[in-house]
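I opened my notebook to go through this structure one item at a time. My entries follow the order in which I looked things up.

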Amino acid sequence: MTSSVDNFDRAILRILQKDNTTPLRVIAEQAHRSTASVQRRIKRMQENGVIKASSAIIAPEKVGQIITIIVEVHAMRAHASDMEEMKRSFSGPEIQQCYYVTGEADFMLVLTVADMAEYEAISSRLFYNNENVKWFRTIVVIDRVKATMETPLPMLPSA
């Protein structure tokens with residue numbers, strides 16, 4: 001990806017990550033490009049999969065999802081097919097983020113819920129009733145200090 005994304009693309013991506021509704025003319029001014037050039041670059045980055053989606057970041061507490069929970073999950077079996085099945089089961093809409101990780105746990109999940117009863121139902125379905133879950137540990141977030149999906153984009157050295 002690094003070779004196909006130049007510094008002008010990075011400038012555009014920085015702006016879009018902060019606010020994907022920024023008008024093309026504003027992006028063009030800030031990136032020192034023409035509006036047509038910015039539009040072409042955005043389209044190319046979408047087609048190449050650099051830009052995976054454009055979405056709104058919602059404040060969970062404003063929509064009743066007041067509790068953020070991080071869950072560590074350890075698998076009983078680590079065969080490739082078992083891990084793929086777990087990845088599928090942890091890809092539902094109730095899971096905000098899922099990471100397949102190294103270390104003691106195999107997966108780290110992030111989810112938001114309205115209350116502990118909702119989490120209890122989710123944990124029963126995803127963990128207690130999953131024969132490949134050896135153990136899981138629930139961490140309840142006290143305060144969301146920083147939450148972003150922005151990817152750091154340092155400028156590339158000049159050629």
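**Entry 1: aspartate 9**

In which helix is aspartate 9 found? I located aspartate 9 in helix α1, which spans residues 7-18. I kept in mind that the model is predicted.

Then I listed its contacts, leaving out residues up to four places away in sequence. Aspartate 9 touches Ser4, Arg41, Arg44 and Met45.

**Entry 2: the largest pocket**

How much space lies in the largest pocket? I noted about 1,600 Å³. The lining comprises 42 residues. Ser55, Ile57, Thr148, Met149 and Glu150 are the ones nearest the pocket's centre.

I sorted the lining of this pocket by class: 23 residues are nonpolar, 13 are polar and six are charged.

Which element gives the most to this lining? I found that α1 does, with four residues. Elements that each supply at least two lining residues include α2 (24-31), α3 (35-47) and β1 (67-75). β2 (97-100) and β3 (107-113) also each supply at least two.

**Entry 3: helix α4**

I turned to helix α4, residues 80-89. Asp82, Met83 and Met86 are buried there. Looking down the axis of α4, I saw that its buried residues fall within an arc of 95 degrees, so they line one face of the helix. I set this beside a general rule: an α-helix has 3.6 residues a turn, so residues three or four places apart point the same way.

What lies on the other side of α4? There I found Ala80, Ser81 and Arg88, which are exposed.

I also checked what the buried residues of α4 pack against. Their partners are β1, β2, β3 and β4 (133-140).

**Entry 4: strand β1**

How many of the nine residues of β1 are buried? I noted eight, and I wrote the strand down as mostly covered.

I then looked up the pairing of β1. With β3, β1 pairs in the antiparallel sense over seven bridges. Valine 71 stands opposite leucine 109 of β3.

With β4, β1 also pairs in the antiparallel sense, over seven bridges. Which residue in β4 is the bridge partner of histidine 74? I found tryptophan 135.

**Entry 5: looking back**

β1 supplies residues to the lining of the largest pocket. The buried residues of α4 pack against β1. β1 pairs with β3 and with β4.

Key. Residues numbered from 1 in each chain as written. Predicted model: local features only at pLDDT ≥ 70, side-chain atom pairs only at ≥ 80, totals over all residues. Heavy atoms only, no water. Contact = heavy atoms within 4.5 Å. 1 Å grid on protein atoms, 1.4 Å probe; cavity = no way out; pocket = protein on both sides within 12 Å on 5 of 7 lines; lining within 4 Å. Points joined across faces, edges and corners; volume = space filled by probe spheres on them. Nonpolar A, V, L, I, M, F, W, Y, C, P; charged D, E, K, R; others polar. Buried < 20%, exposed > 50% of the residue type's maximum accessible area, 1.4 Å probe, protein only. Arc of directions from axis to C-beta. Pairing = 2+ DSSP bridges.
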